[in-house]
Structure formats: structure tokens, C-alpha cells
Amino acid sequence: MEPGVHLKLDGSAQSSVDAYLEYRRIVGDDDNGVLFTPDQYEEYKKNIASKRQENRVYVSWTNSKGMDCKLIGPETKCFCQHRYREHKTDIDIKTAARPLTIPCKKCNCSSYNYIPLNGSQPLRCHCKHTVDDHSPAANHECSRPACNCRAFRTSFNCGCGEVVASHHTLIETKEERFDRGHPVARNEPAYAAMGGITGFSSLLDGYLRLDDSGIGPPSREFLEQPTTSTDHPFLRAFDRHGNPAITDSDRSQTGRSRRSPVQKKTSSNSRSHMHK
Ligand SMILES: [Zn+2]
Ligand SMILES: [Zn+2]
Ligand SMILES: [Zn+2]
Ligand SMILES: [Zn+2]
Ligand SMILES: [Zn+2]
């Protein structure tokens, strides 16, 4: 027997759990911790949630080549230390100023701004103080007494090989993202704070993501072009060592032919190839 507690729910209890989870995905924190009455919930769905499909924005943290190093989900923390869902994620893309911004509901952060962690630890600035010691306002001054640091700086490298400073948080519409050659969701549920989620593996780091649950380029031909010196080091290493694991007979046995590791190019290199 596996250790751990197993909850057994009868059919009706299970469906109330499902209804609650669905409620949470739709309402997020907009009820301020007090459950809506059924009438309020219906109102909310009619007036707020119904507009999410047309106003869907995708939030990603991209490097200088346009690679999605991180797709932002509801729980992903901002530089300001609040989660994406704690920002004003419901915007009207027709009237909103460009570039699109998603300010925080809880502090003076002017727009969602991802900053990676070092493992599970917050990054340290050159002034030795961590991210949360720095102001969430645009200049990110250090707030520690007697520290004269005026801007957060780090030499930390992302998994893509580039330093943090060559990345930025990109907020884009579905159309803009599709035109850029990046995957978008097949269906847009009316859920709060979807950020960059297009499918089940969206929240993995870019170079780990193998997700074909969305729609949009790149094609299989694109994914299978030869690796060049400008490609991600992972791919170059992969090509050097070859891939004995996947053969045609493996493909027919496992049915995983569309999942060859070459597909890692989906996220790592789409931009650089698109512009050749
Ligand atoms: Zn905040
Ligand atoms: Zn923020
Ligand atoms: Zn600092
Ligand atoms: Zn400092
Ligand atoms: Zn990166």
C-alpha cells in the first residue's frame, strides 16, 4: 500500500468539489475570500468571465531571441512578490494602452514583471540583498537601510544561457503571439489569470517543455531542420551524441512519433529560425 491519506468521496461530494474548483478557476480572488451567492456568481460569469475569451493575453518571460523561457501561470510570482493572479489580469485589449500592462492589485508594481528563482531561493542583487529587499516600482531601488543600490542587478544565468537582464516579461494578445509563431491555446476557458498557459506542461521552463496541446506553428519540417551553431547548447549536445533511443520501430511501438526530443526546438529556437 502506498503511504498517505486517500479521501473517498461519493458522487455528490465529488461533484461539489468539482464545482468549487471550477468556481475558483473562474473567480480567482475576485470574491475577496467571501464566496459569491449563486446570483452574484451568475452575474460575475455574465459580466466578467464571458469577456475573457476575446481579451485573453499571454504572459511569458522571453530572452533576446524571443524564446519563452517561462510561461506565467496564476501562481507565478512577480518581482513585487505577489502572484500573477493578484494582478489586474482582466483587461480590455481593444482599449488598453500599448504596450499592455498588468498592474498589481496589492502594491505599487506597475506591471507584472517575472524574476526567476535560483532553485527555490530568491535571487541576490550585486548589493547582496535579495529581490524582496528591492522596490517593486520600476527602478527597483534597494530598501535596506544604508544600502545605496539604485537598481536590482544580477549575473544569474537562465537555463537558456542568457543573463536575466537580456530577458523581459512580454504581455501579448493571442493574435500577436500566434503571428510571432508561438503556440496558443486551442480553447480559451473563461478562467481567471491564465497567463501563458496553453496546456498541461506550460509551466515547465522553456527548455523542458514538450507540449503540443496548443495550436500554431512550428511545423514538423521546421522542428526537424538540422542543428546549427546558433542553436541552444542542449540541442547541439543532443546532435553530437545522436539519439539511439528513438528509432522507427520505437515510434510504432510507443506511438510517440510526434514526441521525438527534436521537438524541444518548439520552445528553444522558434524565433531565431523564423527570422532566417
Ligand atoms: Zn505586487
Ligand atoms: Zn507585480
Ligand atoms: Zn540591490
Ligand atoms: Zn541592497
Ligand atoms: Zn532564458
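**A helix, then the sheet**

Reply: Helix H1, residues 11–27, has 17 residues and reaches 24 Å from its first C-alpha to its last, close to the 24 Å expected at 1.5 Å a residue, where the expected span is 1.5 Å times one less than the number of residues and helices (H or I, at least four residues) and strands (E, at least two) are DSSP runs numbered from the N terminus. This is a predicted model, in which local features need pLDDT of at least 70 and side-chain atom pairs count only at pLDDT 80 or more, while totals for chains, interfaces and linings use all residues. Residues are numbered from 1 along each chain as its sequence is written, and chains are lettered from A and ligands numbered from 1 in the order in which they are written.

The number of buried residues in H1 is zero out of 17, so the helix lies largely in the open; a residue is buried if 20 or more other C-beta atoms, placed from the backbone, lie within 10 Å of its own, exposed if 12 or fewer, and partly exposed in between. After H1 comes Gly28, with a positive phi near 60 degrees. In the chain, which has eight helices and five strands, buried residues make up 24% of the 276 residues.

The part to examine closely is the sheet, an open one of three strands in the order S2-S1-S5 with antiparallel pairing, two strands counting as paired if DSSP finds at least two bridges between them. Strands S2 (68–71) and S5 (168–173) stand at the edges with a single partner strand each, so one side of each has no neighbour in the sheet. Strand S1 (residues 57–62) pairs with S5 over six bridges, and three bridges join S1 to S2. Ser60 stands opposite Leu170 in S5 and also opposite Leu71 in S2. The hairpin of S1 and S2 has five residues between the strands, and there Gly66 takes a positive phi near 85 degrees.

The C-alpha atoms of Pro74 and Ala192 are separated by 7.9 Å, although the two residues are 118 residues apart along the chain.
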